[in-house]
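User: I would like to go through the labels attached to this model and see what each one rests on. Please set the values against the cut-offs.

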Amino acid sequence: MPVNIKAKLISKEQLKPDIFKYSVKADEITSVAKPGQFIEIRVNNDIEPFLRRPISIYNMKKEEGILEFIFQVKGKGTKILSERREGEEIDIVGPLGYGPFKISNYQNIAVIGGGIGVFPLYELSKNAKKENKNVNIYLGFRNKDLVVLEEEFKGVSDKLVITTDDGSYAEKGFAIDFMKKDIEEKKVDCIFACGPLPMLKAVREYAIENNIPCQISLEEKMACGLGVCLGCAVKTTKSSKENPEYWHVCKAGPVFQAKDVEI
Amino acid sequence: MNTKINFAGIEMKNPVTVASGTFGYGREFSDFFDLSKLGGIITKGTSLKPRSGNKPPRVCETASGMLNSIGLQNPGVEYFAQNDLPFLRKFDTAVIVNACGSSIDEYVELCKVLNTLDIDGVELNLSCPNVKAGCMAFGNTYEGVKEVTSQVRKVLDKPLIVKLTPNVTNIAEIAKAVEDAGADGVSLINTLLGMKIDIHKRKPVLANNTGGLSGPAIKPVAVRMVYQVAQAVNIPIIGMGGIVNGEDAIEFMLAGAKAVSIGAGNFIKPTTSIETISQIEDYMKKYNIQDINEIIGKVEMN
């Protein structure tokens with residue numbers, strides 16, 4: 001059940017020139033939130049910018065009630081958010097999304113992410129490791145300058161592969177190709193993915209072709225985050241041309257079974 | 001201090017309702033507050049048969065507001081009656097169903113069903129800008145509005161409110177058509193037709209190209225229209241368009257609205273509606289107003 005709280009910004013860290021990690025005190029959210037869920041942040045107390053910003057949960061320290069999220073400055077709203085200071089209170093609604101990552105049924109898992117889509121995969125991987133699962137992580141970035149959280153993901157995986165499109169750091173190429181190679185050698189029980197659309201499409205297609213369960217975390221333009229405005233629609237695979245069927249990222253998702261949705 | 005109003009026969013404990021399409025069927029907001037605090041709930045636009053809605057992207061932010069082109073996605077009246085209405089009826093608040101259709105026959109058939117349900121009233125949606133057939137096609141001419149309202153009136157015994165589009169030349173004339181056709185009230189404004197272009201892709205942001213503009217950006221237009229309609233008709237008005245607090249609500253009431261609706265304001269803060277109620281009470285205390293009905297239409301024009 002989501003709540004609307006004012007969460008104190010405990011610490012703020014600039015991971016990259018335009019990427020920030022915020023840790024907030026949010027017991028009411030961390031006590032119930034699951035990996036894959038997200039929060040909606042009102043960046044100021046004004047009517048401009050108007051809407052809340054949906055941001056995924058990166059990490060939770062449940063005993064301390066600390067919630068961490070990471071965001072990239074992309075426009076006016078995230079710019080204002082990036083200027084908030086430690087000690088200030090941040091207006092958060094969450095946890096949101098009735099469809100979190102579901103990990104309990106799988107022992108050997110592949111986790112694949114790209115760019116700023118890697119953030120929600122940390123809490124997932126951390127929980128999977130805690131449950132003694134075998135976790136292989138594949139993270140793709142465009143180039144060296146954009147690689148983030150390598151050490152953190154190393155700490156929650158059995159194997160971590162970092163790729164850059166241009167080869168400027170670690171492995172050259174796309175993360176999916178390294179994942180495929182590993183899966184050919186040793187099957188996995190489920191793939192978990194979050195990242196740019198072309199990557200998600202490729203992962204989804206590969207998983208369906210090879211009959212591997214696959215959960216993907218999706219984004220769509222969103223207003224309420226609560227499931228009432230019905231803005232963040234995703235077409236389901238049950239759709240026909242005459243009869244499209246839509247689910248919603250904030251309600252059925254943000255994590256979907258890859259076979260259930262068209263992307 | 002009295003905040004009770006009687007809107008076209010519907011008793012409300014205060015003048016604050018929530019606008020269609022911004023509150024679903026109430027369930028999601030019941031996590032945040034007791035729905036019984038509201039004067040009324042106007043449901044998501046509901047049609048005779050389920051509707052799947054438009055392609056995404058369906059929403060985008062604009063200056064002090066947002067555009068939407070949902071396309072009236074809803075589960076249909078039968079599903080509503082079985083699953084959502086019993087839930088809404090657990091709360092002590094007026095339930096008004098926003099009814100939408102694609103033809104006069106469909107509006108009539110839908111209202112026949114609604115007439116049998118345990119609801120307090122119907123808000124006829126003649127003003128959705130986001131669907132091809134029906135709605136705004138009926139909503140923007142005197143004859144169209146009069147015809148569909150009259151036909152519905154014949155089958156509906158419950159209070160009938162007609163929601164007006166602002167996308168017309170003379171909204172007072174349209175409101176007059178509603179009154180002439182026998183409706184009990186009007187609600188306005190629905191969203192203003194708008195468009196946003198992604199200059200990098202050189203394409204509209206919304207998949208449907210255009211959408212309805214809502215939020216504080218449209219408030220001055222809405223207040224003006226409520227005032228104009230209040231001068232033209234004797235039936236009561238639910239005023240809406242960009243209300244996010246009590247001061248906004250009072251502005252609408254002074255312009256002539258008997259009740260108000262919180263729309264997009266529900267998205268920025270789940271408790272906007274109930275905070276609006278207490279802010280209205282603060283205003284009443286400040287100006288020593290005993291009865292909220294005293295201020296309706298009491299703007300003094302220059």
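**Labels and their grounds**

Analyst: This is a predicted model, and the labels below are computed from it.

User: Which residues of helix 5 of chain B and helix 6 of chain B meet?

Analyst: On the helix 5 side of chain B they are Ile171(B), Ala172(B), Ala175(B) and Lys176(B); on the helix 6 side, Met225(B), Gln228(B), Val229(B), Gln231(B) and Ala232(B). By class, the residues of this contact are six nonpolar, two polar and one charged.

User: What makes Leu149(A) buried?

Analyst: Leu149(A) has 21 other C-beta atoms within 10 Å. The label requires 20 or more, so Leu149(A) is buried. Leu149(A) lies in the loop between strand 9 and helix 4 (150-154) of chain A. Its phi is positive, about 60°, although Leu149(A) is not a glycine.

User: Asn209(B) also has a positive phi without being a glycine. Is Asn209(B) buried or exposed?

Analyst: Exposed: Asn209(B) has 12 other C-beta atoms within 10 Å, and the label applies at 12 or fewer. The phi of Asn209(B) is about 70°. The loop that holds Asn209(B) runs between strand 13 (203-204) and strand 14 of chain B.

User: Why does Ser157(A) count as buried?

Analyst: Ser157(A) has 20 C-beta neighbours inside 10 Å. The cut-off is 20 or more, so Ser157(A) counts as buried. Ser157(A) sits in the loop between helix 4 and strand 10 of chain A.

User: Which residues does Ser157(A) touch, leaving out those up to four places away in sequence?

Analyst: They are Ser125(A), Val135(A), Asn136(A) and Ile137(A). Asn134(A) is 23 residues from Ser157(A) in sequence, and their C-alpha atoms are 7.5 Å apart in space.

User: What makes strand 10 of chain A mostly covered?

Analyst: Five of the six residues of strand 10 (residues 159-164) of chain A are buried.

User: How do you know that strand 10 of chain A pairs with strand 9 of chain A and strand 11 of chain A?

Analyst: Pairing needs at least two bridges. Six bridges join strand 9 (residues 134-141) of chain A to strand 10 of chain A, and two join strand 10 of chain A to strand 11 (residues 171-172) of chain A. Strand 9 and strand 10 of chain A run parallel, as do strand 10 and strand 11 of chain A. Asn136(A) stands opposite Lys159(A) in strand 10 of chain A, and Thr163(A) stands opposite Glu171(A) in strand 11 of chain A.

User: Which strands are at the edges of the open sheet in chain B?

Analyst: The sheet has four strands in the order 5-6-14-11 (chain B), with antiparallel pairing. Its edge strands are strand 5 and strand 11 (192-195) of chain B, each of which pairs on one side only. The twist averages 40° from one strand to the next. Four bridges join strand 11 of chain B to strand 14 (residues 210-214) of chain B, and Leu192(B) stands opposite Leu213(B) in strand 14 of chain B.

User: Where are the cis peptide bonds from Glu48(A) to Pro49(A) and between Leu188(B) and Ile189(B)?

Analyst: Pro49(A) is in the loop between strand 3 (38-42) and strand 4 (53-56) of chain A, and the omega of its bond is near -5°. Ile189(B) is in the loop between strand 10 (185-188) and strand 11 of chain B, with omega about 5°.

User: How many residues does the contact between the chains take from each?

Analyst: Chain B gives 29 residues and chain A gives 27 residues. Strand 5 (59-62), strand 6 (65-68) and helix 8 (265-268) of chain B each supply at least two residues of the side of chain B that touches chain A. By class, that side of chain B has 14 nonpolar, 10 polar and five charged residues.

Methods
Residues numbered from 1 in each chain as written. Chains lettered and ligands numbered in written order. Predicted model: local features only at pLDDT ≥ 70, side-chain atom pairs only at ≥ 80, totals over all residues. Contact = placed C-beta atoms within 7 Å. Nonpolar A, V, L, I, M, F, W, Y, C, P; charged D, E, K, R; others polar. Axes fitted to C-alpha atoms, helices over the stretch in contact; angles between N-to-C directions.
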